[in-house]
Amino acid sequence: MKRLFNKETSYRSPLGQVRNLGSSHNGTHHFIAQRLTAIALIPLIFWFVCCLTSMATATHAEAVEWINYPANTVLFSILILVLIHHAHLGLQMVVEDYIHTSVMKALIMVGMKFFMIALTVASVIAIFRTIFVFGG
């Protein structure tokens, strides 16, 4: 007969008992961050596509003049930062869901983090190099 107030009684789910894991409160933050970046990307990508279509026949000088305009520089930088962050969140979820080996998962996550940081730095440097070198 099972006692009602046994020290062995647990309020965790059966899956939580098997894995010996509690609630980490991390999934909600990840979910909300991914949804917010997706919502932010809607107007940014719409703006970017409209700009690209209007500049379809632009010369190099016109393209440099476009990126030198402060609003375009800021919006383009925000687009790149939000897009890379959104991609990182999505790839992180894929790795967590489909890579089951702990060591491999850790290596992929670290490599992906370095790649995303390098991509962000290279993109921002390219934008500001265009402004300072070509924009004069």
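Q: How many residues does helix α5 (residues 102–134) have, and what distance does it reach from its first C-alpha to its last?
A: In this predicted model, helix α5 covers residues 102–134, and at 1.5 Å a residue a span of 48 Å is expected for it.

Q: Which residues of α5 are buried, and against which helices do they pack?
A: Buried means a relative accessible area under 20%, and in α5 this holds for Met112, Met116, Thr120, Ser123, Ile127, Thr130 and Ile131. The partners against which the buried residues of this helix pack are α3 and α4.

Q: At what angle do α4 and α5 pack, and how far apart are their axes?
A: Two packed helices are described by the angle between their axes and the distance between the axes. By class, the contact of α4 with α5 has 16 nonpolar, six polar and three charged residues. Angles over 145 degrees count as roughly antiparallel, and α4 and α5 are therefore roughly antiparallel to each other. The angle is about 170° and the axes are 10 Å apart.

Q: Is leucine 81 buried, partly exposed or exposed, and which residues is leucine 81 in contact with beyond its neighbours within four places in sequence?
A: Leucine 81 lies in helix α4, and its C-alpha atom is separated by 9.6 Å from that of valine 121, which is 40 residues away along the chain. Because its relative accessible area is 41%, leucine 81 is partly exposed. Leaving aside neighbours within four places in sequence, its contacts are Thr120 and Val124.

Q: Where is glutamine 92 found, and which residues is glutamine 92 in contact with, leaving aside its neighbours within four places in sequence?
A: Glutamine 92 is found in helix α4, which covers residues 70–98. With a relative accessible area of 18%, glutamine 92 is buried. Once neighbours within four places in sequence are left aside, the residues in contact with glutamine 92 are His30, Met109 and Met112.

Q: Is leucine 79 buried or exposed, and which residues does leucine 79 touch, not counting residues up to four places away in sequence?
A: Leucine 79 lies in helix α4, and because its relative accessibility is 5%, this residue counts as buried. Its C-alpha atom and that of alanine 40, 39 residues apart along the chain, are separated by 8.6 Å. Not counting residues up to four places away in sequence, leucine 79 touches Leu41, Leu44, Ile45 and Phe48.

Q: At roughly what angle do the axes of helix α3 (residues 60–68) and α4 cross, and which residues of the two helices meet?
A: The axes of α3 and α4 come within 5 Å and cross at roughly 80°, which makes α3 roughly perpendicular to α4. By class, the contact of α3 with α4 has four nonpolar, three polar and no charged residues. From α3 these are Trp66, Ile67 and Asn68, and they meet α4 at Pro70, Asn72, Thr73 and Phe76.

Q: Which residues is phenylalanine 134 in contact with, leaving aside its neighbours within four places in sequence?
A: Phenylalanine 134 is found in helix α5 and, at 45% relative accessibility, counts as partly exposed. Neighbours within four places in sequence being left aside, phenylalanine 134 is in contact with His60, Val64 and Arg129.

Q: How many helices and strands does the protein chain have, and what percentage of its residues count as buried?
A: From the N terminus on, the elements run α-α-α-α-α, and the chain has five helices and zero strands. Of its contacts with a separation of 6 or more, 72% are accounted for by residues 24 or more positions apart. Of the 136 residues of the protein chain, the share that counts as buried is 23%.

Q: Which element of the protein chain has the lowest mean pLDDT, and which the highest?
A: The protein chain averages a pLDDT of 85, and 79% of the residues score at least 70. Among its elements, the lowest mean pLDDT, 60, belongs to helix α1 (residues 14–19), whereas the highest, 94, belongs to α4.

Key. Residues are numbered from 1 along each chain as its sequence is written. This is a predicted model: local features need pLDDT of at least 70, side-chain atom pairs count only at pLDDT 80 or more; totals for chains, interfaces and linings use all residues. Side-chain values use heavy atoms; hydrogens and water are left out. Helices (H or I, at least four residues) and strands (E, at least two) are DSSP runs, numbered from the N terminus. Buried means under 20% relative accessible area, exposed over 50%, partly exposed in between (1.4 Å probe, protein chains only). Contact means heavy atoms within 4.5 Å. pLDDT is the predictor's confidence in each residue, from 0 to 100. Axes are lines fitted to C-alpha atoms, for helices over the stretch in contact, and angles run from 0 to 180 degrees between N-to-C directions. Angles under 35 degrees count as roughly parallel, over 145 as roughly antiparallel, 65 to 115 as roughly perpendicular and the rest as oblique. Ala, Val, Leu, Ile, Met, Phe, Trp, Tyr, Cys and Pro count as nonpolar, Asp, Glu, Lys and Arg as charged, and the others, Gly among them, as polar. The expected span of a helix is 1.5 Å times one less than its number of residues.
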